[in-house]
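I opened the notebook to write down what I looked up, one entry at a time.

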Amino acid sequence: MNLWKWRLEEVMLKTGRSNMALDFLKSRITLMMSERDKAITRADEMQDTVQRATQLITKLETDKRDLENRLELADGELDKLHQLKEAMLEERNELEVEVEKLRRENDSLQSAIDTFEVAFEYKDKEIEELQHTIEEFNLEMDELAS
């Protein structure tokens, strides 16, 4: 009977160890499932973050393209303004040349006017002298006639 008792104790011991091992494995599986659920939740959060980041990147790329297009338009307008400025400077230079020509012509005309004024003054003096001569001649004629 001793042998049987010893066998019974051995089986119970093995069963107890198996139950302990089974409980340990169950708790380990429960812990691993909890960690798996946390990892899934974290992966979902990361996926949401990646999706928001992708949307933000797409929006930033669109904004960048819009800004590049606006910059190209602004560059085109700036080029037009530079061309207009150059055209206006060229026109100003042409007008300055024309003004200088007109000044020279004006100076020439003023010189001619001055010459005519001198000539008119000379002619006025000649006319006065002739009128004086005529008056003297008329006086002499009146004296002779009387």
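Is Asp 114 buried, partly exposed or exposed? I looked it up and found a relative accessibility of 36%, so Asp 114 counts as partly exposed. I note here that the model is a predicted one.

**Entry: the overall fold**

I listed the secondary structure next. The protein comes to one helix and zero strands. The helix is H1, and its residues are 2-145. The protein has 146 residues, and 0% of them count as buried. A residue would need under 20% relative accessible area to be called buried. I also took down the accessible surface, which comes to about 14,200 Å². Carbon and sulfur atoms hold 60% of that surface.

**Entry: the negative patch**

I went back to Asp 114, which has its place in helix H1. Which residues gather with Asp 114 in a patch of negative charge on the surface? I found Glu 117, Glu 121, Asp 124, Glu 128 and Glu 129. A residue needs over 30% relative accessible area to be part of a patch, and Asp 114, at 36%, passes that cut-off.

**Entry: the nonpolar patch**

Phe 24, Leu 25, Ile 29 and Met 33 make a patch of about 420 Å². I checked one of them, Leu 25, which sits in helix H1. Leu 25 has a relative accessible area of 47%, so I wrote it down as partly exposed.

**Entry: salt bridges**

How many salt bridges does the structure hold? I read off eight.

Arg 36 lies in helix H1. I looked up the exposure of both partners. Arg 36 is partly exposed because its relative accessibility is 47%. Asp 37 has a relative accessible area of 39%, so Asp 37 is partly exposed too.

I turned to Asp 63 and Lys 59. Their side chains meet in a salt bridge, with 2.8 Å from N to O. Why are Asp 63 and Lys 59 separated by about one helical turn? I noted that they are four residues apart in helix H1, and therefore about one turn lies between them. Asp 63 has a relative accessible area of 30% and is partly exposed. Lys 59, at 48% relative accessibility, counts as partly exposed.

I ended with Glu 96 and Arg 92. The side chains of these two meet in a salt bridge of 3.6 Å, N to O. Both residues lie in helix H1, and I counted four residues from one to the other, about one turn of the helix. Glu 96 counts as partly exposed at 44% relative accessibility. Arg 92 counts as partly exposed at 46%.

**Entry: what I keep from this**

The structure holds eight salt bridges, among them Asp 63 with Lys 59 and Glu 96 with Arg 92.

Technical notes:
Residues numbered from 1 in each chain as written. Predicted model: local features only at pLDDT ≥ 70, side-chain atom pairs only at ≥ 80, totals over all residues. Heavy atoms only, no water. Patch = residues over 30% accessible without salt bridge, like charges linked within 9 Å, V, L, I, M, F, W, Y side chains within 5 Å. Areas by Shrake-Rupley, 256 points an atom, 1.4 Å probe, with all protein chains shown as cover. Salt bridge = Lys/Arg side-chain N within 4 Å of Asp/Glu carboxyl O. Helix = DSSP H or I, 4+ residues; strand = E, 2+ residues; numbered from the N terminus. Buried < 20%, exposed > 50% of the residue type's maximum accessible area, 1.4 Å probe, protein only. Lys, Arg positive; Asp, Glu negative; His and termini not counted. Charge placed at Lys NZ, Arg CZ, Asp CG, Glu CD.
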